[in-house]
Each structure stands twice: as C-alpha cells, then as structure tokens.
Amino acid sequence: MKRKISLVLSSLLILSPISINMTSCHNTEVPCKEMEIVSFQPYYSSSDPTPSVEGWEIPDGFEHYHDLVKGAGDYLVDNISSISYKSCSKDENLYEGQIEKLGKNQIIMFEGHGSMEKFLGGDPYQHSVIWTGLSYNDEKITEDDKENSRIVDADGNAALTMYFIDEYVGDLTGSIVYLGNCHSGHEVTLAQTFLNKGAEAVIGNSDTIQVAYNSLIEYTTIKKLGEINKDTNKLYTIYEALEYAKSIYGKNDAEKDPYAAGAEPLLFGNPNFRLSI
C-alpha cells in the first residue's frame, strides 16, 4: 500500500490545468488546509488521436489521452492525504458556472482548444483565448460579455478572454494553473491575468500543440508535483516537474514530430513553487 504524504505549501512568491485542495502554510506549526483539484475538459469526447509518434505512447493503465488529466489528479489524491477533488468537468462548457469554481489553494487544469484572436474596442493585437465548448451565437452568451470582449468569436466558437477571467474569477492565492490549450502561452496577457488574481504559477503553450504531446506533458508535470526529487530530497518544484516532462517527451512537440508547430509549454510566475512536506 502506498504511503500518503501530508502536505504543507511553501510560502513563495507568485508566478502566472484539476483543482486541488491546497493551502499556503507559512510554517510547519500552522495546520494546513486541504488542497482541491479542479479540471476542465469541455471537448473531452471529441478529440482523442491515435498515437503516431514514437515516444508519445499512452502510459500503461490508460486507454485514451483525454483520461490523463484525471489520471494526474487521481495520482495526487491517492498519494497525498491533504489533496481531494472539488470538480472534474468533462464535456461541460466553460461559460455556465464552471470558471466560478476556481479559488484559493487549488491545482487547476484546463485541456481543450485555444487560439489567438483580436478583441473588440480597437486593440490591434491578437491575444490568447480559451474555447468554451459553445458556439459564439449560442443564446446562453450574453451581449454584455460580447460587447466587453469577455467572450470573442474564435472561428464561430465562443472563446473566453483575459477579461472574462478578470471579471468572474476570484482570489487564486496559493493556486497553480495549467492551461493545456493551444496558444495559451503565446503571449503573456492570459497567464498574467491568472497571476494578477494571486496564482503562484501558470503554464501555457506557445503555439498550436499536438494533442498527444500536450496531454502527456500536462499529466507528467502535475503528477511529478507529488513526487520526491532525489536530487533535492524535496517534492519537485513546478519548474523541475515541467522540465522532467520535457526531458521525456521533448522540449517542444517538433522534437519528435517534424510536422508539428514546435509548440512548447512555458512557465510564467514562480519557478520555485512546490508542495512541501
């Protein structure tokens, strides 16, 4: 039987996925709050490629890449006593009450589609957005959210923007965010909005990313946060966890797939953030 570890979060500076019941304990004498895992997969059933690249095979025990998000959460819950699930959303759109689940002391995982889009109001630049799972013309989308560029048209799809996060997400102190969407780290504004809410760190992708590579990197990075790094005898930092995942599957998706865009998962915020015993 695996030994469960009780966690205390390190008190570290803020940076920019599953929601874990986390707490920021400032010293070992203060009781830790539990962490929550929150995950969002609005396109869970619609995309699951057959592995075509050597080295990107699905790990043992899984049948589909889209099961790896919950697999990472399950690993942490099974091995760390202070971690539990708050929400594991599959095939539910991000517009109706999902984003409001985000809060303090969570491990937050997104997996789905994203793109670069222009906003209303004369901004000449494109910015990173996350597709919600709804069409832009869906009657659920309010005109107010459209007019204020909280929701934008992404090739007919309703996509949430940094303004949506700013309007509807509360305090994220002690949380980390993994944005497993295309272009989520193409430029800094989306990640920075999560950081401005108090998140410790955010990981986002630099370009259009191969689904298999994206799922494997996200799974491995989140899982490693619950393991001891033998070189430091401490739990992996978020930087160490991401770098470990890249050492297995490639720094970017073109290392093993020459037809890929060369998308790389990028870390924003505090590279030294870790869960600590």
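Which residue stands opposite Leu179 in β9? In this predicted model, Phe110 takes that place. Local features need pLDDT of at least 70, side-chain atom pairs count only at pLDDT 80 or more, and totals for chains, interfaces and linings use all residues. Residues are numbered from 1 along each chain as its sequence is written, and side-chain values use heavy atoms, with hydrogens and water left out.

Strands (E, at least two residues) and helices (H or I, at least four) are DSSP runs, numbered from the N terminus. Two strands pair if DSSP finds at least two bridges between them. Buried means under 20% relative accessible area (1.4 Å probe, protein chains only). Ile176, Tyr178 and Gly180 are buried on one side of β9, and Val177, Leu179 and Asn181 on the other.

β9 pairs with strand β4 (residues 106-112) in the parallel sense, over 6 bridges. β9 also pairs with strand β10 (residues 201-205), again parallel, over 4 bridges. Val202 in β10 is the bridge partner of Val177. Together with helix α4 (residues 189-196), β9 and β10 make a right-handed β-α-β unit. Right-handed means that, with the strands pointing away from the viewer, the path from the first strand over the helix to the second runs clockwise.

An open sheet of 4 strands shows antiparallel pairing, in the order β5-β6-β8-β7. β5 (114-118) and β7 (151-154) stand at the edges with a single partner strand each, so one side of each lacks a neighbour in the sheet. Within this sheet, 3 bridges join the antiparallel strands β6 (residues 126-135) and β8 (residues 157-160). Asn157 in β8 is the bridge partner of Ser135.

Key:
Buried < 20%, exposed > 50% of the residue type's maximum accessible area, 1.4 Å probe, protein only.
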